[in-house]
Amino acid sequence: MGVVILGTGSCLPEKIISNHDLEKRVETSDEWIVSRTGISTRRISGKGEETYKIAASAARNALDVAELTADDIDLIIVATMSSHMLMPSCACFVQKELGADKAFAYDVNAACSGFLFALDCGDKYLRVENNKKVLVIGTETLSSRTNWQDRNTCILFGDGAGAVVLEYQDNNRGVVASNLFSDGRLWNLLYMHTAPSCNPALAEEDNPGAHILMEGKEVFKYAVKAMEGAVRDLLTSEQIELEAIDVMIPHQANIRILNKLVSRLGIEQEKVFINVHKYGNTSAASVPIALDEAKREGWLKRGDLLLVCSFGGGFTWGASLIRW
Ligand code: COA
């Protein structure tokens, strides 16, 4: 018995920004970016491609694959940290956009790990409410939260959305287990302010605005260690050997992080799905976009054991096992 993914979908904004385009904005080079990150291009939202709109597009694609309509959905959980408003939630805008009138909707913010955390919420909800259907979406327009003058960060991120439809089924497929973590003590290694406070008593002294700020080297080190630990602990607690994994979809942050993780775990490279070169780091959207692409490219067969893992600001991180 498990919570099964009935359909996947994704939506990438049309506009492609190459490393050569970035060379015109900041002092950098295609060679530097590719060698340090593996990223060649990323997508950037234009008019009509707001966070909730690309989320709704991804959701429609996932619903089509699942042969369902918005009317069938009972709950919408959106993982994001780049909604165009703080309130209402992005999920409420997605609900409106889809016309999913009977669904209730809320956001999860666990930065780049958001999709895994939201998937866990959907999984646990459906284990109680067995006859319902849930949309879980990761969506970001980090282009709106990027300091385009900061070469340390503007080369890394991209926009996009991915979605899955979940249902509880009486068989041995679906989410096997998840292993999620946070460590708020490390918040200041990767963070983003909101707008300055209207209450002077709560105003932060040095608020540069809603931009991503990062200690890249520290983030790199923690990301590898944290994801490796989450995966190893999950495999141990589920008594599953690494060799049993058929496909691994890690958060697409950076090819060097991924290569290091893969070599430390000792998983075969051919089992690891990678698309970071095309889209950069799309934060909460990265795992569901990769999942949708992997599915469409024939990486996943029924019964396969899928490992997903992620890391992000907070710090937040985790891993999940899914029997496809
Ligand atoms: N183009 C050219 N040079 C750049 C540059 C860019 N875009 N960004 C930084 N540099 C320079 C630095 O200024 C520094 O120059 P200096 O030696 O003269 O001071 C040099 O390159 C090395 O910088 P450093 O920060 O040490 O590079 P790095 O090898 O650590 O790579 C990152 C930087 C950001 C690519 C790397 O730290 C990283 O991938 N971190 C993880 C980021 C991440 O994935 N975050 C999200 C996690 S969810």
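The model is predicted, so to speak of local features takes pLDDT of at least 70 and side-chain atom pairs count only at pLDDT 80 or more, while totals for chains, interfaces and linings use all residues. Residues are numbered from 1 along each chain as its sequence is written, and side-chain values use heavy atoms, with hydrogens and water left out.

**The ligand site**

There are 21 residues around the ligand, and Thr28, Arg151, Gly216, Lys217 and Asn254 come nearest (a residue counts if one of its heavy atoms lies within 4 Å).

| Residue | Part of the residue | Ligand atom | Distance |
|---|---|---|---|
| Arg151 | polar side-chain atom | oxygen | 2.9 Å |
| Gly216 | backbone N or O atom | nitrogen | 2.9 Å |
| Asn254 | side-chain N or O atom | oxygen | 2.4 Å |

Taken alone, the ligand exposes 960 Å², and the protein buries 74% of that (Shrake-Rupley areas, 1.4 Å probe). Helices H2 (30–37), H6 (216–238) and H7 (255–265) each give two or more residues to the shell, with H6 giving the most, at four residues. Helices here are DSSP runs (H or I) of at least four residues, and strands (E) of at least two. Domain 1 (2–171) and domain 2 (175–195 + 207–323) each supply at least three shell residues, with bounds from an automatic or database domain assignment.

**Ala177**

Ala177 sits in strand S8 (residues 174–182). Ala177 is buried, with a relative accessible area of 13% (buried means under 20%). Leaving aside neighbours within four places in sequence, Ala177 is in contact with Leu234, Glu238, Ala319, Ser320 and Leu321 (heavy atoms within 4.5 Å).

Methods: A polar contact is a pair of N or O atoms within 3.5 Å; within protein, one must be able to donate a hydrogen and the other to accept it, and residues adjacent in sequence count only if both atoms are side-chain atoms. Buried means under 20% relative accessible area, exposed over 50%, partly exposed in between (1.4 Å probe, protein chains only).
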